[in-house]
Amino acid sequence: MRKVKHSMQYTSKMSKQTKHKSRTTHTWQVWAIYMVLAANLSEEQALKQACPSCDATQLCNCSSMGLDFIPPGLTAKITVLNLAHNRIKHIRSQDLQQAVNLRALLLQSNKISSIDMDSFDSLGKLELLDLSNNSLARLSPVWFGHLFSLQHLHLQGNSYRDLGESSLFSSLRNLSSLHLGNPQFSTIRQGNFEGIELLNKLWIDGGNLSQYEPGSLKLIKKINHMIINLRNSKIFSAIIRDLLHSVIWLEVREIKLEIEIKSLVQNSTLPFRIRKLTLKDASFTDQHIVRIIVLLKEITSLQELEAIDCELEGQGMWNTEEIEKTGQSFVEEVSIINIMIQNFHLFSDLKGMESQINKLKRLTIASSRVFMVSCELAKHFSSLRYLDFHDNLLANKRLNETICEDAWSSLQTLNLSQNSLKSLKQTADSVTRLRNLINLDISQNNFGEIPDVCEWPKNLKYLNLSSTQIPKLTTCIPQTLEVLDVSANNLKEFGLQLPFLKELYLAKNQLKTLPGAAPIPNLVAMSIRRNKLNGFSKEEFESFKKMQLLDASDNNFICSCEFLSFIHHQAGIAQVLVGWPAKYVCDSPLAVRGAQVGAVHLSLMECHRSLVVLLICALVFLVILVLVAVGYKYHVVWYLRMTWAWLRAKRKPKRAPPKDICYDAFVSYSENDSDWVENVMVRELEQACPPFRLCLHKRDFVPGKWIVDNIIDSIEKSHKTLFVLSEHFVQSEWCKYELDFSHFRLFDENNDAAILVLLEPIQSKAIPKRFCKLRKIMNTKTYLEWPPGEDQQEMFWENLKGALKS
């Protein structure tokens with residue numbers, strides 16, 4: 001029992017210890033997780049503080065922020081990290097460890113002098129690494145061992161003197177461009193480029209390169225473009241020998257060539273791959289030129305030779321016999337740009353070089369103060385198709401000698417822009433000798449005026465007259481053209497007949513409308529950018545049947561309803577307008593100035609103001625017409641006029657003073673009953689004894705007085721009002737519009753001054769509703785009826801006279 005009890009106590013104690021240990025372990029795990037999260041949050045906060053642009057974006061731009069370390073907290077979401085132009089000195093192992101998706105790492109222009117061996121190990125997706133312009137005194141192949149995706153590597157501008165004993169780049173199988181070298185770089189050894197088979201671009205800054213082991217660059221199978229800064233001409237020869245079979249375009253900078261007797265192709269076998277040689281910022285003498293020409297002839301694959309920003313110390317006194325002796329040159333294209341000749345005024349005409357130029361197809365001599373080519377030399381450019389003399393000193397007098405008869409016989413393209421040509425007619429006369437000329441560029445010359453008629457080569461299709469100060473266009477422009485550029489002049493209209501024209505450039509002129517389509521029916525593309533165009537209509541646009549591209553950007557568009565309607569409803573307008581919609585902006589109306597044309601929508605009132613006004617006027621007229629019709633039907637006018645008369649009558653005394661009573665009765669009757677009234681009733685009453693005084697409108701109304709006033713005054717001056725009622729009375733216009741104005745006063749007084757004489761039977765229903773008082777009187781009072789028999793008429797007169805006397 002004791003043992004069991006002891007055992008139970010021991011088990012319980014062990015269980016408590018296990019639970020305590022478990023709790024302790026769990027606490028440490030939570031604490032560890034908390035510390036990690038806190039550290040991550042702390043690092044993220046530090047990253048945001050050091051480089052705010054890294055927050056929630058793939059592009060992390062920390063350039064020019066004065067950083068002396070790589071910010072902590074870099075994550076896998078970052079693909080581009082720019083740390084250029086800071087003060088970073090050292091790259092540590094953990095700095096980039098989490099940035100596993102980095103594609104571009106820019107570290108140029110820092111003070112980096114050391115890099116931990118495994119600093120780039122996690123950057124397997126890196127494609128661009130820029131370590132240029134730092135302080136790296138030694139390069140290690142270990143740095144690049146895991147950069148399997150690297151395509152672009154920039155290492156120039158550091159302080160290393162060589163690339164080490166072995167290859168730095170053997171693991172970089174996807175490398176496309178490589179930039180190396182610095183002012184201290186002095187040695188290239190065999191094996192330095194082992195592992196590289198193909199490069200699109202190789203740039204070596206070897207200005208002070210003094211040692212080159214032959215065969216060092218031969219390991220690279222193909223280089224599309226190689227640039228090398230080089231001053232040592234002996235190394236230049238060795239490099240060329242190594243690159244004959246790999247490089248396609250070799251660009252050599254800053255070299256000062258010396259006489260080299262040794263062949264450039266010694267121990268080399270065909271075929272050569274080099275096609276283009278560029279010499280930039282180089283310096284030559286007359287002797288060097290001759291030797292270079294001779295040596296370059298050995299490179300049978302060389303087709304293009306280029307000299308840019310070079311300096312020639314000489315007068316063109318070349319040993320042409322030696323040049324001719326070595327045979328024909330294979331070069332087809334020569335470009336000489338901005339060459340400086342010390343003794344330019346003493347330079348010879350290159351006589352004796354004729355045999356070296358007759359196979360040349362393209363020649364560019366630009367920005368080199370050329371003012372002429374001798375006629376004799378020009379005649380030997382028999383294969384030349386392209387000639388570029390832009391930015392020189394050619395004037396019309398010298399041009400006439402440069403383009404003499406039978407010179408440049410195969411020339412198709414001629415560029416004479418930015419020269420000193422003044423006369424368009426003389427220029428045209430000179431180039432007419434070029435029978436095969438198709439393209440002519442004479443832009444940026446100061447022609448000013450343009451003649452009415454000019455003579456041009458018959459096959460001329462392209463003519464550039466931009467920036468030539470011409471104020472108008474005349475029939476001097478040849479009709480054979482397919483492309484015409486007259487941009488940047490002072491043109492206000494365009495109406496030339498050019499039936500073959502396909503492209504027209506009118507930018508930077510003063511045109512207010514599109515040119516007419518009829519004279520240029522085959523136009524495919526047109527630029528009328530930066531003119532004074534306010535807009536264009538659907539008819540103008542659609543008149544160009546073959547138009548595919550129209551550049552009308554940067555004009556002051558008036559966003560009228562017609563223009564906007566066309567823009568919004570024209571199918572495919574966005575595919576035709578170049579720069580649409582950003583460069584098409586409204587200048588007016590003021591409310592939409594600065595807004596893009598495609599985004600503006602004017603209201604119905606703004607777009608159809610005349611129509612809206614017309615509709616409003618029509619609606620008002622219709623309302624008035626309806627009111628008139630309703631008023632006519634319901635006699636509204638009559639009621640209004642009656643109301644007015646009643647109001648006027650109300651202002652007068654209820655009854656005129658006895659002294660103002662002039663008549664016994666005012667007779668109201670229809671004009672159709674005038675015969676009975678005037679010939680029967682008036683005679684009977686006015687000839688009675690004593691006679692009655694009757695007021696008749698024909699006889700007693702005051703002439704010139706308003707008829708209503710006459711009626712009211714007559715009623716007021718009469719003792720009685722005698723109404724001769726008949727069918728004519730109740731239907732007459734007189735009663736309707738004038739006579740019955742008196743009813744208001746008469747009936748409002750509620751007296752017996754009214755005497756009704758019924759001349760003929762009238763049904764009360766036949767009396768219009770407006771005579772409501774009259775109908776009431778006829779229903780409530782006795783009226784006299786005119787009897788048809790003569791025996792009863794006497795009684796009628798007696799009753800009428802009695803009524804008048806009452």
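Predicted model: local features only at pLDDT ≥ 70, side-chain atom pairs only at ≥ 80, totals over all residues.
The structure contains four disulfides, and three of them are described here in turn.

C51 and C62 are joined by a disulfide with an S to S distance of 2.1 Å. The torsion about this S-S bond is about -105°, so the disulfide is left-handed. C51 is placed in the loop between helix 1 (2-50) and strand 1 (59-61), and C62 in the loop between strand 1 and strand 2 (80-82), so the bond ties together parts 11 residues apart in sequence. C51 is buried, at a relative accessible area of 0%, and C62 is buried at 0% relative accessibility.

In the disulfide between C375 and C404, the sulfur atoms are 2.0 Å apart. Its S-S torsion is about 90°, and the disulfide is therefore right-handed. C375 belongs to helix 6 (residues 375-378), while C404 lies in the loop between helix 7 (396-402) and strand 22 (413-415); the pair therefore links parts 29 residues apart in sequence. Relative accessibility is 17% for C375, which counts as buried, and 9% for C404, which also counts as buried.

C559 and C586 form a disulfide with sulfur atoms 1.8 Å apart. The torsion of about -90° about the S-S bond of C559 and C586 makes this disulfide left-handed. C559 lies in the loop between strand 29 (557-558) and helix 10 (561-569), and C586 in strand 30 (residues 586-588), so parts 27 residues apart in sequence are tied together. Both C559 and C586 are buried.

C695 takes part in no disulfide, and the nearest cysteine sulfur, that of C662, is 8.9 Å away. C695 is buried, with 0% relative accessibility, whereas C689 is exposed at 81%.

Conventions: Residues numbered from 1 in each chain as written. Heavy atoms only, no water. Disulfide = S-S within 2.5 Å. Helix = DSSP H or I, 4+ residues; strand = E, 2+ residues; numbered from the N terminus. Buried < 20%, exposed > 50% of the residue type's maximum accessible area, 1.4 Å probe, protein only.
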